[in-house]
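Keep the viewer open while you read.

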Amino acid sequence: MVHIIPYALDMGFAAQAIRIVALIGGISLFSRIAGSWLSDRIVMPKTMILSGILMALGFIVILLPAQLFLLTVFGILFGVAYGGGMSLMAPAPAAYHGPKSARPVMSGINTVAPGGSAPAPLVTGLTFAPYP
């Protein structure tokens with residue numbers, strides 16, 4: 001999400017760049033509630049798969065030619081997918097590994113995740129706009 005603003009600026013949407021980030025954040029807030037509700041109504045794996053599919057569609061949309069409408073569609077898809085998926089991060093280990101194992105599983109995930117998350121913005125930035 002950190003590179004959406006430079007992407008929008010490069011595509012010529014300077015005035016709308018922050019609106020896309022706000023759109024992602026706002027929709028993500030509501031989709032966290034909707035994702036939890038949906039996972040109670042249908043099976044949790046289906047909700048997680050739906051979230052992954054929506055995120056993949058968002059990334060496919062952002063690869064299409066630069067148009068403000070498509071950037072907005074990306075923001076909506078990514079916000080729904082991100083919020084819906086994040087709301088299931090805590091209950092998913094309990095559902096799959098049992099309540100007693102949920103804490104060690106989440107501790108392991110939260111211990112290892114920063115190792116991949118820390119260099120990700122730098123690697124993405126260098127990929128998007130490599131320096132000589």
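You'll find Ser36 in helix H2, residues 17-41. Helices here are DSSP runs of H or I with at least four residues, strands are E runs of at least two, and both are numbered from the N terminus.

## What the model is

This is a predicted model, where local features need pLDDT of at least 70 and side-chain atom pairs count only at pLDDT 80 or more, while totals for chains, interfaces and linings use all residues. Residues are numbered from 1 along each chain as its sequence is written, and side-chain values use heavy atoms, with hydrogens and water left out.

## Overall fold

The chain has seven helices and zero strands, so along the sequence you read α-α-α-α-α-α-α. Its C-alpha atoms fill a box of roughly 50 × 35 × 20 Å along the principal axes. Of the 132 residues, 28% count as buried.

Ile49, Ile53, Leu57 and Ile60 make a nonpolar surface patch of about 370 Å². Patch members need over 30% relative accessible area and no salt bridge; like charges are joined within 9 Å, and nonpolar side chains (Val, Leu, Ile, Met, Phe, Trp, Tyr) within 5 Å. A salt bridge means a Lys or Arg side-chain nitrogen within 4 Å of an Asp or Glu carboxyl oxygen, and the areas are Shrake-Rupley values with a 1.4 Å probe, with only the protein chains shown as cover for residues.

Leu57 lies in helix H3 and is partly exposed, with a relative accessible area of 39%.

## The cavity

How many cavities of 30 Å³ or more are there? The count is one, and the largest cavity has a volume of about 50 Å³. A cavity is a set of 1 Å grid points, over the protein atoms alone, where a 1.4 Å probe fits but cannot get out; lining residues have an atom within 4 Å of a point. Points are joined across faces, edges and corners, and the volume is the space filled by probe spheres set on them.

Helix H3 (44-63) and helix H4 (68-86) each supply at least two lining residues.

Conventions. 1 Å grid on protein atoms, 1.4 Å probe; cavity = no way out; pocket = protein on both sides within 12 Å on 5 of 7 lines; lining within 4 Å. Buried < 20%, exposed > 50% of the residue type's maximum accessible area, 1.4 Å probe, protein only.
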